[in-house]
Amino acid sequence: MAVNVTGLVTQSFRNQLSNVVEKMPLYVDARIMTSSTGGVTLDFDNGCDVTLKENESIKVSDDKDCAALWAAVTPVGGPAAVVTATSSTIPALVIGAGGAAAIIISNRDKNKASGS
């Protein structure tokens with residue numbers, strides 16, 4: 001169960017994202033994530049209480065002991081890494097928080113008329 005919820009805390013479970021609220025149950029295999037303003041204490045059925053500070057994450061498990069649950073807490077976020085190329089025709093790969101990637105294609109030369 002989630003207790004002492006402060007700021008923005010989210011739960012990702014079965015392709016759905018929802019805000020964590022006080023006394024919300026924990027679902028096995030859900031990922032609990034805190035934002036830069038968030039914090040939460042997770043009361044597990046095995047008697048272990050794990051507190052997430054800002055920008056931390058954990059995958060909920062029912063087969064880990066307390067030490068393993070604490071060890072499963074990982075940082076989230078951080079600065080984005082940007083890889084660019086010298087040619088405007090080569091897309092840039094942008095890797096943001098959480099490892100998500102997107103391709104950004106330059107539109108600089110697409111609006112020019114023929115012969116310009």
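Visitor: Which cysteine does Cys-48 pair up with in a disulfide?
Guide: Cys-66, with the two sulfurs 2.1 Å apart. A disulfide here is a pair of cysteine sulfur atoms within 2.5 Å. Bear in mind that this is a predicted model: local features need pLDDT of at least 70, side-chain atom pairs count only at pLDDT 80 or more, and totals for chains, interfaces and linings use all residues. Residues are numbered from 1 along each chain as its sequence is written, and side-chain values use heavy atoms, with hydrogens and water left out.

Visitor: How many disulfides turn up in the whole structure?
Guide: The search finds 1.

Visitor: Where do Cys-48 and Cys-66 sit in the chain?
Guide: Cys-48 is in the loop between β5 (39–43) and β6 (49–52), and Cys-66 is in helix α1 (residues 66–71). They are 18 residues apart, so the pair counts as linking distant parts of the chain. Helices (H or I, at least four residues) and strands (E, at least two) are DSSP runs, numbered from the N terminus.

Visitor: And why is that disulfide called right-handed?
Guide: Because the torsion about the S-S bond of Cys-48 and Cys-66 is about 65°.

Visitor: Is Cys-48 buried or exposed?
Guide: Cys-48 is buried, at 3% relative accessible area. Cys-66 is partly exposed, at 33%. The cut-offs: buried is under 20% relative accessible area, exposed is over 50%, and partly exposed is in between (1.4 Å probe, protein chains only).

Visitor: OK, switching to charges. What does Lys-53 form a salt bridge with?
Guide: Glu-56, with the closest N and O atoms 3.5 Å apart. The whole structure has 1 salt bridge by this search, meaning a side-chain nitrogen of Lys or Arg within 4 Å of a carboxyl oxygen of Asp or Glu.

Visitor: Is Glu-56 buried or exposed?
Guide: Buried, with 15% relative accessible area, whereas Lys-53 is exposed at 51%. Glu-56 lies in strand β7 (residues 56–59).

Visitor: What does Glu-56 touch?
Guide: Leaving out residues up to four places away in sequence, its contacts include Ile-32, Met-33, Thr-51, Val-73 and Pro-75. Contact means heavy atoms within 4.5 Å.

Visitor: Now the sheet. What order do the strands come in?
Guide: The open sheet has 3 strands in the order β1-β5-β6, with antiparallel pairing. The edge strands are β1 (2–6) and β6, each pairing on one side only. Two strands pair if DSSP finds at least two bridges between them.

Visitor: How many bridges do β5 and β6 have?
Guide: They pair over 4 bridges, and Asp-43 stands opposite Asp-49 there.

Visitor: What's in the turn between β5 and β6?
Guide: The two strands form a hairpin with 5 residues between them, and Gly-47 in the turn has a positive phi of about 95°.

Visitor: Which residues have the most contacts inside the largest nonpolar core?
Guide: Ile-32, Val-40, Leu-42, Phe-44, Val-50, Leu-52 and Ile-58, in a core of 19 residues. Two or more core residues come from each of β2 (9–13), β5 and β6. A nonpolar core is a set of buried Ala, Val, Leu, Ile, Met, Phe, Trp, Tyr and Cys residues joined through side-chain atoms within 4.5 Å.
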